[in-house]
Amino acid sequence: MNMIYDNMIYDRVGDDLVDVHYKPDKAELFRAIAEEMHNMYCEKNTAYGDSFGASYEKYGAMSALTRISDKFNRYENIVLNSADANDEPLRDTLMDMASYCVMTLIEMDREACRNENASND
């Protein structure tokens with residue numbers, strides 16, 4: 001898995017960071033993070049199924065708000081109470097929160113499409 005620190009990309013091998021690559025621009029860093037988030041989403045959806053989508057269909061936007069809020073509270077706790085806020089739990093929390101935001105957009109778009117199809121019938 002690639003890790004990004006100070007606009008440099010490192011490959012993680014065990015607990016070591018090796019193979020410093022070129023210094024990409026922020027758009028490339030955004031793409032790398034989005035790709036990492038996509039891979040994480042695929043792995044978790046395979047392991048857990050589409051529990052987020054099912055919850056959203058059943059409870060609506062409040063289910064997404066609850067999950068995003070939980071991650072934000074964890075982020076806040078790490079930042080306010082950790083001596084080193086640049087550790088892996090912080091990164092994981094931000095990746096999870098960003099994933100929940102994207103998944104919410106997906107469910108909102110799907111819901112809008114279903115509503116549009118229903119009004120056309």
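At what angle do H2 and H3 pack, and how far apart are their axes? H2 and H3 pack at an angle of about 130°, and their axes are 6 Å apart; axes are lines fitted to C-alpha atoms, for helices over the stretch in contact, with angles running from 0 to 180 degrees between N-to-C directions.

## Model and overall organisation

This is a predicted model, in which local features need pLDDT of at least 70 and side-chain atom pairs count only at pLDDT 80 or more, while totals for chains, interfaces and linings use all residues. Residues are numbered from 1 along each chain as its sequence is written, and side-chain values use heavy atoms, with hydrogens and water left out.

The chain contains four helices and three strands, arranged from the N terminus as β-β-β-α-α-α-α. Helices (H or I, at least four residues) and strands (E, at least two) are DSSP runs, numbered from the N terminus. Of the 121 residues in the chain, 24% are buried, where buried denotes under 20% relative accessible area, exposed over 50% and partly exposed in between (1.4 Å probe, protein chains only). Contact is defined as heavy atoms within 4.5 Å. Among contacts between residues at least 6 apart in sequence, 45% join residues at least 24 apart.

Helix H1 covers residues 26–48, and its 23 residues should span 33 Å at 1.5 Å a residue; the end C-alpha atoms are 32 Å apart, which agrees. The expected span is 1.5 Å times one less than the number of residues. Leu 29, Glu 36, Met 37 and Met 40 of H1 are buried. Just after H1, Gly 49 adopts a positive phi of about 75°.

The axes of H1 and H4 come within 10 Å and cross at roughly 80°. H1 is therefore roughly perpendicular to H4, on a scale where angles under 35 degrees count as roughly parallel, over 145 as roughly antiparallel, 65 to 115 as roughly perpendicular and the rest as oblique. On the H1 side, Ile 33, Glu 36, Met 37, Met 40, Tyr 41 and Lys 44 meet Arg 91, Met 95, Asp 96, Ala 98, Ser 99, Val 102 and Met 103 in H4. By class, this contact has eight nonpolar, one polar and four charged residues; Ala, Val, Leu, Ile, Met, Phe, Trp, Tyr, Cys and Pro count as nonpolar, Asp, Glu, Lys and Arg as charged, and the others, Gly among them, as polar.

Helix H2 (residues 51–59) includes Gly 53, which is buried with a relative accessible area of 2%. Gly 53 and Ala 64 are eleven residues apart along the chain, and their C-alpha atoms are separated by 9.3 Å.

Ser 51, Phe 52, Ser 55, Tyr 56 and Tyr 59 of H2 make the contact with Ala 61, Met 62, Ser 63, Ala 64 and Arg 67 of H3. The residues of this contact divide into six nonpolar, three polar and one charged.

## Helix H3 against H4

The axes of H3 (residues 61–81) and H4 (residues 88–120) come within 9 Å and cross at roughly 160°, and the two helices are therefore roughly antiparallel to each other. The residues of their contact comprise twelve nonpolar, two polar and four charged.

Thr 93 lies in H4 and counts as buried at 2% relative accessibility. Not counting residues up to four places away in sequence, Thr 93 touches Lys 71, Arg 74, Tyr 75 and Ile 78.
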